[in-house]
Amino acid sequence: MGSDRNGSGGETAASVDESITAWALAARGGDPDAVDRFVRALHRDVVRYVAYLSADPQAADDLAQDTFLRALGSLHRFEGRCSARTWLLAIARRAVVDSLRYAAARPRLSDVPDWRLAVERAQPRGLPGFDDGVVLLDLLAALPDERREAFVLTQLMGLPYAEAAALSDCPVGTVRSRVARARATLMDLLADPDPLTTAPAPTPAALAA
């Protein structure tokens with residue numbers, strides 16, 4: 001079956017994804033050990049993805065839990081036609097969309113204390129060019145939604161462009177364009193002496209993918 005530690009033992013990304021997909025298929029058949037391996041293998045990816053996509057790290061744990069509840073309830077329909085990672089992230093994306101729609105339909109709560117601490121806990125460490133997870137989230141928040149998602153999927157989570165395109169339901173070329181534009185925007189913000197306070201609000205034209 002392979003190691004249950006993502007990327008350990010010299011495994012390639014493809015072989016890790018194959019193992020995770022095999023666990024998902026075994027979990028569909030009722031193997032409790034496979035369920036545990038499947039959840040543990042992808043839990044960090046799901047938390048990071050929903051935190052970045054929703055721009056609300058406070059809600060990341062709840063969104064991740066919702067994602068896995070939906071996934072485990074739908075495992076009987078998973079046939080392995082795509083990787084289990086791509087399948088699960090598609091469910092996570094729907095969970096975020098549903099959450100945003102629900103939040104838009106009710107009054108928002110006031111500031112949540114310690115939200116920056118929650119951001120720090122949700123962010124990966126050691127990313128080239130970024131010393132602080134909070135700064136990274138703030139920079140990504142300045143991107144239009146489509147570009148942020150493309151950048152997160154391909155540059156932070158390491159998904160191939162083809163899988164990111166399938167997940168985002170758009171052509172591969174569009175994903176590449178969104179990533180390139182996101183990189184250019186982030187480089188501009190990083191070059192600013194104080195990007196988080198001096199960066200202008202995006203114009204309607206800039207929000208186009």
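**View 1. Crossing of helices α1 and α2 in the predicted model.** The crossing of α1 and α2 is left-handed, a term for a near helix turned anticlockwise from the far one by less than a right angle, with clockwise giving right-handed. The axes of α1 (residues 13–28) and α2 approach within 8 Å and cross at roughly 140°; α1 is therefore oblique to α2. Angles under 35 degrees count as roughly parallel, over 145 as roughly antiparallel, 65 to 115 as roughly perpendicular and the rest as oblique. Axes are lines fitted to C-alpha atoms, for helices over the stretch in contact, with angles from 0 to 180 degrees between N-to-C directions. Helices are DSSP runs (H or I, at least four residues) numbered from the N terminus.

**View 2. Residues joining α1 and α2.** The contact (heavy atoms within 4.5 Å) involves I20, W23, A24, A26 and A27 of α1, together with A34, V35, R37, F38, A41 and L42 of α2. By class it comprises 10 nonpolar, no polar and 1 charged residues.

**View 3. Crossing of helices α2 and α7.** Helix α2 (residues 32–54) and helix α7 (residues 145–156) have axes that come within 9 Å and cross at roughly 155°, which means that α2 is roughly antiparallel to α7. The crossing of α2 and α7 is right-handed. On α2 the contact is formed by R48, Y49, Y52 and L53, and on α7 by R148, E149, V152, L153 and L156. These contact residues of α2 and α7 divide into 6 nonpolar, no polar and 3 charged.

**Notes.** The model is predicted: local features need pLDDT of at least 70 and side-chain atom pairs pLDDT 80 or more, while totals for chains, interfaces and linings use all residues. Residues are numbered from 1 along each chain as its sequence is written, and side-chain values use heavy atoms, leaving out hydrogens and water.

Key:
Helices (H or I, at least four residues) and strands (E, at least two) are DSSP runs, numbered from the N terminus. Ala, Val, Leu, Ile, Met, Phe, Trp, Tyr, Cys and Pro count as nonpolar, Asp, Glu, Lys and Arg as charged, and the others, Gly among them, as polar.
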